[in-house]
Amino acid sequence: MPHTPSCTAQKTFDVAIIGAGVVGCAVARRFALEGARVVVIEKGGDILSGASKANSAILHTGFDAPPGSLELEMVRAGRAEYLAIRHSLGLPLVETGALVCAWNPAETAKLEAIAAQGRENGVDGLRLLTAAAARATLPGLAPGLAAALEVAGEHIIDPWSAPLAYLTQAVMLGGVFLRNTELIEGAFAGDWTLRTSAGDIRAASVVNAAGLYGDTVDRRLGLPAEFAIRPRKGQFVVLDKAAFAHVPRIVLPVPTEITKGVVVCPTAFGNVLVGPTAEEQEDRVRATVEAGTLRALLQRAAEIVPALAGMPVTAVYAGLRPASDSKAYRVFARPERRAITLGGIRSTGLSAALGLAQEAVRLHAGFGLPATSRPPAPEVRLPNLAETRPRDWQQPDHGEMVCHCELVTRREIEAALDSLVPPGDFGGLRRRTRAAMGRCQGFYCQARLAEMTRGRLSTPLAVEEAGS
Amino acid sequence: MSGIVDVVVVGGGPAGVAAAVELRRLGIGRVVLLEREASLGGATRHCGHSPFGMREFGRVYVGAAYGQRLDAEARRAGVDVRTGCSVVTFDAACRLTVTTPTGVETLAARRLLLATGAREMPRSARLLPGDRPVGVVTTGTLQAGLAFHRLMPFRRPVVVGSELVSQSAVLTCLTHGARPVAMLETERHALAPAPFRWFPALAGVPFHAGVDLLDLRGAGRVEAVTFRRADGAIETLDCDGVLLTGRFVPEASLARQSGVALDAGSEGPAIDQHGRTRNPRVFAGGNVLRAIETGGWAFREGRAVGRAVAADLARVVESGAPRAVTCEPPIKLVVPGLLTPGSDEPPAFRHFQLRFARRARGWLSLEIDGREVWAAERSWLPERRVLVPIPPAAANAATVHFRFREHP
């Protein structure tokens, strides 16, 4: 018999969730709130190790989603639930609104149709604006602006704290999170037996939320091959805090068939984000940045908002979106195998995650399993990382400023390291605290962080004690 | 912290301490020095190799000892030294928001002196390609890790850069059991002066100039670096880290966020011959003005600006109308980049400091109101200080311009 993880020994879970991206975290929370015993299996060293770590952090309205699509339904449901629970989870909402900007007559001509589709999608707060009226709400826009469509409901959230809060709530309800645990094979015989890199796990049902590996996991579970993942890379540039004043709202381009295009938007952390690109690739692991592409993004940003020209670059990153061979979300339920696949969540996963979790529970209800009783929802309050609300450095007795660029205190870092879902790697620590994410990228604080995180991260910041 | 103090100095490196001490020596009553780290010294605290203090204190200090001497000087002079205090922002009237270990405080000052220093450009701002693994660090991070925590971030790094600091970084590696795999420079020649630039070869570290960095690989930690050599060949080196050296930039974010105008060339606060920014209450000195000079240079510059602030305190604040000093490529920066007319105070800066953006051969000349008053012809190298005396007439001129005629 293969080795079984000690925490899962002798135990059959109600639901095993494969993948701890934003969708997996939301699904774990929802099932745990329904009273299910859940286990989350993550191949990476931490949550958000794949597609979910790199996105534009926009809470979408669904104004540009395909009418009648599952994606639209999920975005709307997910958004509504986020707005309903965010106070109780301590999650931020930066109410920026967005401007879909047209820069020529051809683009202007499309705005009316985009607005009409948005209304058909049930989205309020859509308003066609002249260039002057648009600039009144965002004075930094370049003079070449032709017209704009205002979408008042597009907002900014913290893309890392939200999924962390979802999973934390699941863990507080007894959910188990297994990192560095890759699904090798699953067999269904009344219950599921999941063979993983860390031993066997038994569960009544499985939910595939494996993102970039959604098709692979379906295959390993022996489920019919319904779709193929076609990774789409997006590169981003993060500009210095000084840029924030120039971009108080989300600036969207008129979309093309392929992508929503390059967005210039504020972040909850007080920066400005430019991106993403949309580059098809085979590789599901590497998301490289390229100097030429990053320069082109910087140039495009300065064309849209001229004051951004020459603005210092704080960070660059790239992510892979789990696009598939179809534009639609690939959601399948197989009651006879008690399996649900939430696949092909190509670009709106952050907004749709809570909606997809509701959908998974709805599909699961059709599996004919006995109902569970709902426990009271535990209180979760994550430390606030957003600039719209007070942060720890403003509170008394924080002890010490460790990261001066992002104003991160020692107390915050210690709290993250000792939390219910602690960071598994340096990226995870950065996403939980913002430490070393600022303009100096750790020039001042990384040595201190190396010391504070000794023995706590899978890839340590320091290889060893110095020789002499 | 109540009441209005005379001067707040932000930054406890050589420039900030020298300014604060000079202000006290000249009889200024309340001088507060804010340092966000736990001790004074700035970057000198972790520079294990460079000797400091010869000219200012008549003896040599290494690393933290120099900071301790600065601390002793400041306290002896009656400077109100406050460490662990990070300035978040300040307004045009010099009201500062400061976070301290116990909470947020506000502080008002009649004058503010920014001495926030410089740092190396990180991987992101260099737009380096590839993955973003653990193990890509700057010299500052390496040396701070060793000096304060005895931690080493890698064993076989590729060193990027060939400035003086790069040579020091290689030495740091070698003396702490790390073996640099190679030293790469994107410029066509090593940037450090001889004999320092010969050091990697003597230490057996292969040096490649004129390279293009093509890829940086690593899932968790750095695994390999791929680059195109000057001869076009593509080479991949296995390594466990990348050490980014040099490419210093002023740490001017506090100034930028607080609305102090920056100079496009230096990326530090634009200052006039007294060290005064476009906000007449705010001064700046040391390596925040331009990257970078030695600790001793920063010390003397801080002292000179401190003197100018002391003189300024005796006057009514008025926004003089400073004029911009102009220059043309490949001149990268001129400090001071402003000149305020009609001032009879002796200036803090007696020279223009220039830097070139690249290696160039040709005539450098200074023109005042269209008339050439100074010229020199030679090869000009990047990252080297060029000093041109500020003629007394410059302050009252309509135009002050540095021209460059490059030899074909």
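This note goes through a predicted model with chains A and B, point by point.

1. Conventions. Residues are numbered from 1 along each chain as its sequence is written, while chains are lettered from A and ligands numbered from 1 in the order in which they are written. Because this is a predicted model, local features need pLDDT of at least 70 and side-chain atom pairs count only at pLDDT 80 or more, whereas totals for chains, interfaces and linings use all residues.

2. Confidence in chain A. The pLDDT (the predictor's confidence in each residue, from 0 to 100) averages 94 in chain A, and 96% of the residues score at least 70. Residues 1-7 of chain A have a pLDDT below 50, and this stretch has 10 contacts in the model beyond near neighbours in sequence. Two residues are in contact if their C-beta atoms, placed from the backbone, lie within 7 Å. Where pLDDT is low, the predicted coordinates should not be read in detail.

3. Domains of chain A. Domain bounds come from an automatic or database domain assignment. In chain A they give domain 1 (6-53 + 160-228 + 326-365), domain 2 (94-154 + 230-321) and domain 3 (392-452). The centres of domain 1 and domain 2 of chain A, taken over C-alpha atoms, are separated by 32 Å. Their contact takes seven residues from domain 1 of chain A and eight residues from domain 2 of chain A.

4. Overall form of chain B. The radius of gyration is taken over C-alpha atoms, and the globule rule is 2.2 Å times the number of residues to the power 0.38. Chain B has a radius of gyration of 22 Å, which agrees with a compact globule because one of 408 residues would have a value near 22 Å. Its C-alpha atoms fill a box of roughly 65 × 55 × 40 Å along the principal axes. Of the 408 residues in chain B, 54% are buried (20 or more other C-beta atoms within 10 Å of their own, with C-beta atoms placed from the backbone).

5. Secondary structure of chain B. Chain B has eight helices and 28 strands. These are DSSP runs numbered from the N terminus: helices are H or I with at least four residues, strands E with at least two.

6. Strands pair if DSSP finds at least two bridges between them. Strand E15 (residues 212-217) of chain B is antiparallel to E16(B), and five bridges join them; Leu216(B) stands opposite Val225(B) in E16(B). This hairpin has six residues between its strands. E16(B) also pairs with strand E17 (residues 234-238) of chain B, in the antiparallel sense over five bridges. Phe227(B) stands opposite Glu235(B) in E17(B). Five residues lie between E16(B) and E17(B), and in this hairpin Gly232(B) takes a positive phi near 95 degrees.

7. A parallel sheet in chain B. Five strands form an open sheet with parallel pairing, in the order E10-E18-E12-E13-E14 (chain B). E10 and strand E14 (207-208) of chain B are the edge strands, each pairing on one side only. Strand E13 (residues 182-184) of chain B pairs with E14(B) over two bridges, and Leu184(B) stands opposite His208(B).

8. Contact between the chains. Chain B gives 44 residues and chain A 46 residues. On the side of chain B that touches chain A, H4(B) gives the most, with seven residues.

Conventions: A residue is buried if 20 or more other C-beta atoms lie within 10 Å of its own, exposed if 12 or fewer, and partly exposed in between; C-beta atoms are placed from the backbone.
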